[in-house]
Amino acid sequence: IIFKMAVSQELQARNKTPVEGDISKQDSGSQGETPELSLVDFCTQLDDYTPTIPDAVTLHYLQQSGFNTDDPRLVRLISLAAQKFISDIVNDSLQHCKLRGSAQNTRKGTKDKKLTLTLEDLAPALAEYGINLRKPLYFT
């Protein structure tokens with residue numbers, strides 16, 4: 001449901017039109033739509049949406065993993081899920097970077113600088129999702 005809300009909000013922002021199946025706009029008492037109708041609405045919106053990860057890239061990795069499909073909506077849905085996953089990780093990494101940077105700025109009193117994604121920020125963000133990341137051992 002949260003994933004559907006995020007997608008419908010992004011589609012609404014792109015199209016600047018209200019979305020009928022948008023959960024955030026529904027009153028708690030008005031449950032006029034059935035889940036099937038809402039799913040059909042979502043699939044229709046998915047046809048018009050272009051995710052950041054191209055369908056060809058998603059299809060390639062799906063075929064590499066042994067998943068073959070001819071349905072472009074399914075490929076686009078998986079692209080969208082991967083985009084959301086990457087976006088969440090990058091956003092968490094940004095928060096770690098800002099926290100680490102604010103601790104350094106209070107000590108030094110320096111002006112604002114550009115933020116850079118580093119392994120120090122990425123590792124704790126990935127650990128929240130169960131992915132362990134370690135620095136490679138060079139020249140041991």
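Colleague: Where is the place of N91?

Modeller: Quick caveat: this is a predicted model, where local features need pLDDT of at least 70, side-chain atom pairs count only at pLDDT 80 or more, and totals for chains, interfaces and linings use all residues. Residues are numbered from 1 along each chain as its sequence is written, and side-chain values use heavy atoms, with hydrogens and water left out. Helices here are DSSP runs of H or I with at least four residues, numbered from the N terminus. On that basis, N91 sits in helix α4.

Colleague: How far apart in space are N91 and L122, C-alpha to C-alpha?

Modeller: In sequence, 31 residues separate N91 and L122. In space, their C-alpha atoms are apart by 9.9 Å.

Colleague: Is D121 buried or exposed?

Modeller: D121 belongs to helix α5, residues 119–127. Buried means under 20% relative accessible area, exposed over 50%, and partly exposed in between (1.4 Å probe, protein chains only). D121 has 1% relative accessibility, so it counts as buried.

Colleague: Which side chain makes a polar contact with the side chain of D121?

Modeller: A polar contact is a pair of N or O atoms within 3.5 Å; within protein, one must be able to donate a hydrogen and the other to accept it, and residues adjacent in sequence count only if both atoms are side-chain atoms. At 3.0 Å, the partner of D121 is T118.

Colleague: And which residues is D121 in contact with, leaving aside neighbours within four places in sequence?

Modeller: Contact means heavy atoms within 4.5 Å. With those neighbours set aside, D121 touches S93, H96, C97, R100 and T116.

Terms used. Helix = DSSP H or I, 4+ residues; strand = E, 2+ residues; numbered from the N terminus.
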